[in-house]
Amino acid sequence: MAKKRKNKIGRNDPCPCGSGLKYKNCCLHKKGGIDLKDLYFRKYRIRLKEKADIEGIRRAGRLVVDTLHLVEREIRPGITTDYINTLVHEFTVKNHAIPAPLNYRGFPKSVCVSVNEVVCHGIPSEQVLRDGDIVNVDITSILNGYYADANQTFFVGTPGPDARKIVNVARGSLKEGMSMIYPGNTLGDIGWAIQRYAEGKGCSVVREFVGHGVGFEFHEPPEVRHYGRKGEGIPLVPGMVFTIEPMINLGGKEVSILEDRWTVVTRDGSLSAQFEQTFVVTEEGGESLTPFDL
């Protein structure tokens, strides 16, 4: 559970309409109050989720987490990244769900598997995992029409000091970001918290790839940047569902995309790690719909 706050939208919080004024000086006293669902769709194209939708995403999220636990039990030196793809695909289908990445914009596999310097969108192949590697497994499942998205970076065998550092900083970055989820905060607060933490540990934050709304589709508004300024961006309101998925590099933040047009690597060859969960903003704070220990 992310950090909680008792009130919903405080009188002195930024008005969720995006005017830049305080709520008390803007929509608080408008006749009939404020229809956040209509406002957020018209202004930001964000579709706030109802209780039934959140339950559907939560059920999909449980499957995603169960799949990650299955993969974690199988991670070891000597297996191929395609073996991980087979595990994920078969378990997802067995549980009456669909692996969202498969054929998404031409992606050829059911899961993204990114090893060492691969930042994201690694395509499973005959690549063999070796002792000391780190591997990020990014799973999105569609269950009864609802999407949930999460990933973890795992150690393969015995990690070295650089591997331990980058995985720990990536894990801590997600924790910092999720601590900022509560009504009255903004998307910029999330990015600010992540950037301050990661750069304070001597690492860098990838700019080109961001978190995103999720639930009805694989990728929805808004974009959730993992860097930014405190107080800037769209105000958080109950019913918003989005991922936080900071990609943290041990070296520089610059990345390159390989010839396959999917695989993203650090430009300097340094290690990269990532942790991701799907969150819903509640009236009291935030809740992970794909919870696992951090």
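In H4, the residues Asn-168, Val-169, Gly-172, Ser-173, Glu-176 and Gly-177 meet Ile-190, Ala-193, Ile-194, Arg-196, Tyr-197 and Ala-198 of H5. Contact here means heavy atoms within 4.5 Å. By class, this contact of H4 with H5 has six nonpolar, four polar and two charged residues. Ala, Val, Leu, Ile, Met, Phe, Trp, Tyr, Cys and Pro count as nonpolar; Asp, Glu, Lys and Arg count as charged; the others, Gly among them, count as polar.

The model is predicted: local features need pLDDT of at least 70, side-chain atom pairs count only at pLDDT 80 or more, and totals for chains, interfaces and linings use all residues. Residues are numbered from 1 along each chain as its sequence is written, and side-chain values use heavy atoms, with hydrogens and water left out.

How do the two helices lie? H4 spans residues 161–178 and H5 spans residues 187–200. They pack at an angle of about 150°, with their axes 8 Å apart. H4 and H5 are therefore roughly antiparallel to each other, a term for angles over 145 degrees.

Now turn to the cavity. A cavity is a set of points on a 1 Å grid over the protein atoms alone where a 1.4 Å probe fits but cannot get out; its lining residues have an atom within 4 Å of a point. The count comes to one cavity of 30 Å³ or more. The largest cavity has a volume of about 30 Å³, the space filled by probe spheres set on the points. Its lining includes Ile-46, Arg-47 and Met-240. Strand E8 (residues 220–224) gives the largest share, three residues.

Conventions
Axes are lines fitted to C-alpha atoms, for helices over the stretch in contact, and angles run from 0 to 180 degrees between N-to-C directions. Helices (H or I, at least four residues) and strands (E, at least two) are DSSP runs, numbered from the N terminus. Angles under 35 degrees count as roughly parallel, over 145 as roughly antiparallel, 65 to 115 as roughly perpendicular and the rest as oblique. On a 1 Å grid over the protein atoms alone, a cavity is a set of points where a 1.4 Å probe fits but cannot get out, and a pocket is an open set with protein on both sides within 12 Å along at least five of seven lines; lining residues have an atom within 4 Å of a point.
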